[in-house]
Amino acid sequence: MKKTAVIPIDNRPICYSLIKDILAQDKDIKLFMPQRKLLGGLTSSADTEGIYNFLKNLEKVDVLVISLDTIAYGGLVSSRRCNNDFSSIKERITKFKEIIKQKASQVYAFSSIMRISNNNINEEEKEYWAQWGKRIFEFSYYQHKSRKEKSYNCVYNQVPQEILDDYLETRKRNFEINKLYLDWVEDKTLDTLVFSKDDTGQYGLNVEEAEFLGEEIKKRNLNAFIKTGADEIPLTLLARALAKNENIEIEPVYTYPDKTDKISRYEDISVKDCIEGQLNLAGCRVLKGGRIKMFVNNFESEQGDYVLGERINALTKPFLPPEGKYFTADISNANGSDKGLIGQMLAYGFDENLLGYCGYNTSANSAGCAILSALVKFLAKKNGTYDEYAFKKLMFIRLLDDWAYQTDIRKYVREGAPDFKEALEAKIADLKIYEEKIAKYLNFDYNNVCYSLPWERSFEVEINVNDIQSDI
């Protein structure tokens, strides 16, 4: 995996900068990515022609990880918004298909199963979601439920027909495109394919599509997977490329080992299935007594959520790191770290056996991020190509983001709407206090930290260390 190319989902820090930060721990990995300005944002689509030229001019690499949503629609958000028809999308991806396999020894790809958010927020959806989002979710939910239970009298459409027709046509287009990708696996264009589903539930048209794709994968015996999650999938696929031929054995160790049947927010599977599913996709063997421990700070009854604010969990039982090499997926709360855990970690002091930490957004997001972070460090140390500064920088940014920003500062930024930038600037002094605490914990030297909001909303913060500016 010396030469690695990645075409990300979009230009968010968690999809672009994080990949660079994690892989920088191994001085032997040469990373190629399109210029960030070519990728899609919240209100803009990717320059697919520019990305095609990037790929066309790319030297042969060992591994290529590619977001199919980027080349097909212009990004994850654009996959729900763009109005191109099936034929034009098919023509575009066919053009990419002709050169993909020429450019890499191994090609790992992922595509989303279009989500259905249970809210009236149109920030990442078409305009009509602001009024009809919850109604569309309900229609989707009961359509699928009625077909599963053969109780068709329970479905009532309360959405204007022209809006529902547009929504269903967009779903159908994306679903038909996803079916085409199965052929790409069969003809060996793709070595591994993942269909990701985020913001999901027990029933819905997205769940029904996932069931169909899963059946096709099984029937055709394809090297493809259905996974709950989204942003972490490229990270997990990069881990899969790293773990190939390495026989990586990992033992998950839980804060609450008898509570792993609980289901996290924004997901439809148990914590155990989420964690083991991410490890399996990463090409790791889940094994009791494994050489590396994955410490999962799970929740006892219900996952907290710093955005919803209905419940926030804080670890009170004593934190004792697992013996030997370990890394941490902090999933006690969605959208941020467990303050109780972080407080104990800082009091305990930096542990040389720690391979990585992540606690952002969903459980799958945290797990995928933590797994790749740990494997890069573990294998780089094994191969003598480890960059300690890059590891500490990665940890510094993750703790500033997952702990300082997400658990504390973000709520003030949200309350400062619509002037998020001004609200963030008002809290820089507070962030400086966190910087000092984290730097002391890591024994990390830095000159300065710059903060920005690249999508001009509170969710994702860009954290640049030592005079490195954002290139968005």
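Predicted model: local features only at pLDDT ≥ 70, side-chain atom pairs only at ≥ 80, totals over all residues.
Mentor: Residues are numbered from 1 along each chain as its sequence is written, and side-chain values use heavy atoms, with hydrogens and water left out.

Trainee: Let's take the cysteines. How many disulfides are there by the rule?

Mentor: A disulfide is a pair of cysteine sulfur atoms within 2.5 Å. The count by that rule is zero. Take cysteine 284: the nearest cysteine sulfur belongs to cysteine 274 and is 14 Å away, and cysteine 284 is in no disulfide.

Trainee: Why is cysteine 284 called buried?

Mentor: Buried means under 20% relative accessible area, exposed means over 50%, and partly exposed is in between (1.4 Å probe, protein chains only). Cysteine 284 has a relative accessible area of 5%, so it is buried.

Trainee: And why is cysteine 450 called partly exposed?

Mentor: Its relative accessible area is 21%, so cysteine 450 counts as partly exposed.

Trainee: Which residues does glutamate 435 touch?

Mentor: Contact means heavy atoms within 4.5 Å. Not counting residues up to four places away in sequence, glutamate 435 touches Phe396, Leu400, Tyr446, Val449 and Tyr451.

Trainee: How do you know that strands S4 and S5 pair?

Mentor: Two strands pair if DSSP finds at least two bridges between them. Five bridges join S4 (residues 104–112) to S5 (residues 192–197), and the two run parallel.

Trainee: What order do the strands have in the open sheet of six?

Mentor: The order is S2-S1-S3-S4-S5-S6, with parallel pairing. Strand S2 (30–32) and strand S6 (224–228) are the edge strands, since each pairs on one side only. From one strand to the next, the twist averages 20°. Helix H7 (residues 161–186) packs on this sheet, touching S4 and S5, and its direction makes about 160° with that of S5.

Trainee: Why does valine 107 count as buried?

Mentor: Valine 107 has its place in strand S4. At 0% relative accessibility, valine 107 counts as buried. Leaving aside neighbours within four places in sequence, valine 107 is in contact with Leu64, Ile66, Ile100, Lys101, Thr189, Leu190, Asp191 and Thr192.

Trainee: There's an open sheet of five strands too. What is its order?

Mentor: S8-S7-S9-S11-S13, again an open sheet with parallel pairing. Its edge strands are S8 (285–286) and S13 (354–358), each pairing on one side only. Strand S7 (residues 249–254) and strand S9 (residues 292–297) pair in the parallel sense over five bridges; isoleucine 250 has isoleucine 292 in S9 as bridge partner. Helix H10 (residues 271–281) packs on this sheet, touching S7, S8 and S9.

Trainee: Why are H9 and H10 called oblique to each other?

Mentor: Axes are lines fitted to C-alpha atoms, for helices over the stretch in contact, and angles run from 0 to 180 degrees between N-to-C directions. Angles under 35 degrees count as roughly parallel, over 145 as roughly antiparallel, 65 to 115 as roughly perpendicular and the rest as oblique. The axes of H9 (residues 233–243) and H10 come within 8 Å and cross at roughly 50°. H9 and H10 are therefore oblique to each other. In the contact, Ile233, Thr236, Leu237 and Arg240 of H9 meet Gln278, Asn280 and Leu281 of H10.

Trainee: Last one: which residues of the largest nonpolar core touch the most other members?

Mentor: A nonpolar core is a set of buried Ala, Val, Leu, Ile, Met, Phe, Trp, Tyr and Cys residues joined through side-chain atoms within 4.5 Å. The largest one has 98 residues, and Leu193 and Met294 touch the most other members. Helix H12 (residues 363–383) gives this core its largest share, 10 residues. Another core lies apart from it, with 38 residues, among them Tyr357, Leu399, Ala439 and Leu442.

Definitions and conventions:
Helix = DSSP H or I, 4+ residues; strand = E, 2+ residues; numbered from the N terminus.
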